[in-house]
Amino acid sequence: MKHKDHYNDQYILELTEKLTQVVPDFDKEAFSSSLIGKLEDKELFARFDFIVDALETNLGSDYRETLQAFYQILGPELEQSSGMFSFGWWLWPLGRYVERHGNEDWKASLAFLKELTKRFTGEYAIRPLLKEHPQEVMKELIDWSKDPNVHVRRLACEGVRIRLPWSEKIYVALDEFEHYAEILTNLKDDPEKFVQKSVGNNLNDLYKDAPEKADFLISEWQKTPTTKAQEWIIKHGRRNQK
């Protein structure tokens with residue numbers, strides 16, 4: 001099944017029921033009828049945007065109230081590093097909503113994304129926050145890079161990638177390099193492959209735009225005893241270097 005095919009009429013009915021349980025006076029008929037039968041001809045992100053349009057129309061204009069409703073339907077956290085796309089995929093339109101509206105209250109959005117990412121990635125939704133509030137968000141991500149939850153640690157570096165797939169490039173990694181370097185350094189020995197891959201992909205991105213910074217960062221790491229995790233990360237980050 002393609003990613004887009006998850007977001008079908010049955011999905012809309014299930015999302016409608018979830019929202020009906022937590023949003024007073026939610027017009028479930030208006031919401032569902034605006035979407036059912038109208039998604040099949042759309043690609044993945046077009047489906048997300050169509051769903052977000054309907055959420056905007058039917059949830060009102062109070063962004064913080066909408067976030068509170070989203071909190072209530074998140075469901076349980078993932079118990080391990082895997083499973084995001086097996087169990088949490090249905091949350092992607094919620095993240096897309098935050099991606100569109102997050103800077104209406106960036107602090108509340110950041111707090112929500114920390115919870116969202118424990119079920120499904122917030123890597124796209126966090127990027128508009130990084131654009132508008134780079135220093136403040138990067139400082140928060142430094143703390144996240146030391147979080148006991150693997151998904152929070154992974155978002156701390158995945159969201160700041162220069163060349164995140166399916167997203168436009170952002171350069172907060174270069175503009176806030178000291179903060180960026182601290183995030184990656186905190187994660188260079190992470191035991192979880194899910195996080196290691198993200199750190200390595202950050203290095204790979206960095207080599208494409210600022211190779212001297214990638215080399216500098218690795219040279220700093222190599223001043224102290226290495227680990228197997230770090231060796232794998234560096235190899236993964238340098239995979240396209242001749």
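A helix here is a DSSP run of H or I with at least four residues, and helices are numbered from the N terminus. Keep that in mind for N204, which sits in helix α13, residues 193–209. The model you have open is predicted.

**Stop 1: the whole chain**

Next, think about contacts. Take those with a separation of 6 or more: 72% of them come from residues 24 or more positions apart.

**Stop 2: the surface**

The chain exposes about 11800 Å². Carbon and sulfur atoms supply 48% of that area. Of the 242 residues, 53% count as buried.

Colour by charge. There are 34 positive side chains and 42 negative ones. The centres of these two sets lie 7 Å apart.

**Stop 3: N204**

Select N204 in helix α13. Is N204 buried or exposed? Its relative accessible area is 4%. Buried means under 20%, so N204 is buried. Now show what N204 touches: G237, R239 and N240, leaving aside residues up to four places away in sequence.

**Stop 4: D49**

Move to helix α3, residues 44–59, and pick D49. D49 has a relative accessibility of 25%, so this residue counts as partly exposed. Which residues does D49 touch, not counting those up to four places away in sequence? Select R96 and R100 to see them.

Then draw a distance from D49 to L116. They are 67 residues apart in sequence and 18 Å apart in space, C-alpha to C-alpha.

**Stop 5: two loops**

Go to the loop between α1 (9–22) and α2 (28–33) and select D25. D25 is not a glycine, yet its phi is positive, about 60 degrees. With a relative accessible area of 81%, D25 is exposed.

Now find the loop between α10 (150–158) and α11 (172–175), where W166 lies. W166 is a residue other than glycine, and its phi is positive too, near 65 degrees. At 53% relative accessibility, W166 counts as exposed, because exposed means over 50%.

Conventions
Residues are numbered from 1 along each chain as its sequence is written. This is a predicted model: local features need pLDDT of at least 70, side-chain atom pairs count only at pLDDT 80 or more; totals for chains, interfaces and linings use all residues. Side-chain values use heavy atoms; hydrogens and water are left out. Buried means under 20% relative accessible area, exposed over 50%, partly exposed in between (1.4 Å probe, protein chains only). Contact means heavy atoms within 4.5 Å. Accessible areas come from the Shrake-Rupley method with a 1.4 Å probe; for residues, only the protein chains shown count as cover. Lys and Arg count as positive and Asp and Glu as negative; His and the chain ends are not counted. The place of a charge is taken as NZ of Lys, CZ of Arg, CG of Asp or CD of Glu.
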